Amino acid sequence: MLRIALQMLIGDRAKYITLVSGLAFVSLLFIQQGSVFCGLMLRTAKPIETVGAQIWVADPTLQSIDESKPLLDTDLTRVRSVPGVKWAVPLFMRQTQVRLKTGKFQTVRLFGLDNASLAGRPGKMLEGDTSALNSPDSVIIGKAESERLNRPKIGDTFEINDRLARVVGI
């Protein structure tokens, strides 16, 4: 029986090559789409991992992490009053346009941190120091955004929503 099955499979060379090519292509697509999915999940989860909060509280109508609908101050107070909550601070996340010195625009993900605690600041800095965020118009550029913004150096400036932004860290 096995001999007959192999003879049917290998007997017609065109069908055999088509079958092997089809299986190879399906395997390639399966691996490629799995890689795309993993890449999207890692990119989506990066802001959550960077901030390091154990619990996130967001507006119930929020559908994506890339959307930003800030909570009311009364909601923040209510979260802080929950037994067991040690601290809670607002975090602003939004995609916005950055205007480079060349005049070109680039879309970046912008994080706004709490001034008092700086909770959510990067844990590892390649250049600069997070304490420099206390100075006016200061920003820290993530590694991925650094490549998209033509690799700015500390002290370089650009515009975010028609406001000056000075790079103080990467």
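**View 1. The largest nonpolar core of this predicted model has 11 residues.** A nonpolar core is a set of buried Ala, Val, Leu, Ile, Met, Phe, Trp, Tyr and Cys residues joined through side-chain atoms within 4.5 Å; buried means under 20% relative accessible area, with a 1.4 Å probe and protein chains only. The members are V98, L100, V108, V139, I141, L149, F158, I160, A165, V167 and I170. Strands β4 (157–160) and β5 (163–169) each supply at least two residues of this core; strands are DSSP runs (E, at least two residues), numbered from the N terminus. In soluble globular proteins, nonpolar side chains tend to be buried together. Because the model is predicted, local features need pLDDT of at least 70 and side-chain atom pairs count only at pLDDT 80 or more, while totals for chains, interfaces and linings use all residues. Residues are numbered from 1 along each chain as its sequence is written, and side-chain values use heavy atoms, with hydrogens and water left out.

View 2. Leaving aside residues up to four places away in sequence, I170 touches M125, L126, E127, I140, I141, S146 and P152. A contact means heavy atoms within 4.5 Å.

**View 3. Strands β1 (residues 92–99) and β2 (residues 105–112) form an antiparallel pair.** Two strands pair if DSSP finds at least two bridges between them; here there are eight. Q97 faces T107 in β2. Five residues lie between the two strands of this hairpin, and G103 in the turn has a positive phi of about 95°.

**View 4. Strands β1 and β4 also pair in the antiparallel sense.** This pairing has two bridges, and V98 stands opposite I160 in β4.

How values were computed. Buried < 20%, exposed > 50% of the residue type's maximum accessible area, 1.4 Å probe, protein only. Helix = DSSP H or I, 4+ residues; strand = E, 2+ residues; numbered from the N terminus.
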